[in-house]
Amino acid sequence: MHPAAFIDIKVKQGEYTPQQLDDFIAALMRDEIDDCQVGAWLMAVLLQGMTIKEAAALTTAMASSGKRLNLDNSMPGPIADKHSSGGVGDKLTLILGPLLAAAGIYQLKLSGRGLGHTGGTIDKLESIPGFKCDLSIDTLLDQVRRIGVAIGAQTKDLAPADGKLYAIRDVTATVESIPLIASSIMSKKIAAGAPTIVLDVKCGTGAFMKTESGAKELASLMVEIGKALGRNMRALVTNMNQPLGRAVGNALEVREAIEVLNGGGPPDVRELTLELAAEVLLTTGTVSDVGKAREQLSALLANGSALQKFGDLIEAQGGNRKIIENPNLLGGHSAIKSPGCTKGGWVKSIDPMTIAIACKNMGGGRSRKDDLIDSLAGVELNAQVGDRVEAGQSLLTVYCAEEAQGVQLAQQLENTAFILSDRPIERPILVLERF
Ligand code: URA
């Protein structure tokens, strides 16, 4: 079909057949479609939407544009993939990978580097001296078989059509389309081959999806797509209106992950860890009720098994496992405390974007794909939403290579990122919806 005729079907609110979508993605991969035609099609999809059947067919076509793994029965136990849509301070992959491996779940996790305001799991792991993420799929799978978990950089071999479409979405104001986001995420998950997929769809000011209704629609669509393609699916919509935990910044987040794996850490990170890990145990059929799942997972955090599994993961990927006993081996910039708030109160909100942009400006994040980052730069929050703080109490600590910049940012963030209330504030609800 001529690309203009294909675009016209969506302009006229028609429904594509799976074959039409397959042919279009195949032609895209053969470079037979002009960028202007792709852009026009993406805009038609943004404006007219897609049915679940179309979104599932598009996901299949994109997943089939490159290598497809089939992990069914390839490991000695259940296989799962947890995916987060990304948010400020979201270090859960570093915790869930080893924790679930300690619980007998096998995971091949392919993650991205950070771009924009959200940090990437790969950048966090690469702050560990020696840790390597650019490993072949075969090497990673071998490691999963041996120790239960491997975390590698997303390869271009899986769902390459997504890379092509994303580059055009980025410059045609079509990133926001929910069926396009859903098929982009799900095509990579489907190509990665895990039979069970648990999604953490972040929602709020620090997330990709800003509104609860948008996040719920996305979560529900991804679950429907996954089910239509034969996967065991579960999705939680979770709150991202304040940074997750206290640490924002690559090495700082590794330290916080170690705290949680050692049975401690901030209550919100620990709670969300247990929520998502319990979903994985339930969805894979490993345990039959949520109480038992949480009990088993809490024991693995308390008895050191999850932390030792993180050590195994670090060692297998070339890193220094001693950091699990001595996180100071990660290195660090000197701590610069903010001067302290002028009056006491309860923390009403902490703007994740203000914190994330400050981290990026200190060198902790990228503006362009190839930028080098300072993995030691970051911010530690000394209070979270709902906490009582007293006049003069320092609300945050900045870690910055340039001391003068750090001092200025510490003051600025204390004044601009935090809002205090005269009245007690309830702690935010973490899980907003389950699909
Ligand atoms: N993450 C993705 O992988 N794709 C999108 O379109 C948005 C977020």
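**From a buried glutamate to the ligand**

Modeller: With a relative accessibility of 1%, Glu-54 counts as buried, a term for residues under 20% relative accessible area, while those over 50% are exposed and those in between partly exposed (1.4 Å probe, protein chains only). The model is a predicted one, in which local features need pLDDT of at least 70 and side-chain atom pairs count only at pLDDT 80 or more, whereas totals for chains, interfaces and linings use all residues. Residues are numbered from 1 along each chain as its sequence is written, and side-chain values rest on heavy atoms, with hydrogens and water left out.

Glu-54 belongs to helix α4; helices (H or I, at least four residues) and strands (E, at least two) are DSSP runs numbered from the N terminus. Leaving aside residues up to four places away in sequence, Glu-54 touches Lys-10, Gly-14, Glu-15, Tyr-16, Leu-21 and Gly-49, contact meaning heavy atoms within 4.5 Å.

Helix α4 (52-63) is also one of the elements against which the buried residues of α10 pack, along with α9, β4 (196-203) and β5 (232-239). Those buried residues of α10 include Leu-218, Leu-221, Met-222, Val-223 and Ile-225, as well as Gly-214 and Gly-226. The 17 residues of α10 (212-228) should span 24 Å at 1.5 Å a residue, and the end C-alpha atoms are 24 Å apart, which agrees; the expected span is 1.5 Å times one less than the number of residues. Just after α10, Gly-230 takes a positive phi of about 85°.

A polar side-chain atom of Arg-169 lies 2.9 Å from an oxygen atom of the ligand, and one of Lys-188 lies 2.5 Å from a ligand oxygen atom. An N or O atom in the side chain of Ser-184 is 2.6 Å from a nitrogen atom of the ligand. Taken alone, the ligand exposes 230 Å², and the protein buries 83% of that, with areas from the Shrake-Rupley method and a 1.4 Å probe.

The loop between α8 and α9 holds Ala-173, which has a positive phi of about 55° although it is not a glycine. At 60% relative accessibility, Ala-173 counts as exposed. Elsewhere, Asp-31, in the loop between α2 (18-29) and α3 (35-48), likewise has a positive phi, near 60°, and is exposed, with a relative accessible area of 59%.

Helix α11 (250-261), by contrast, is mostly covered, with 10 of its 12 residues buried, among them Glu-253 and Glu-256.

Key:
A polar contact is a pair of N or O atoms within 3.5 Å; within protein, one must be able to donate a hydrogen and the other to accept it, and residues adjacent in sequence count only if both atoms are side-chain atoms.
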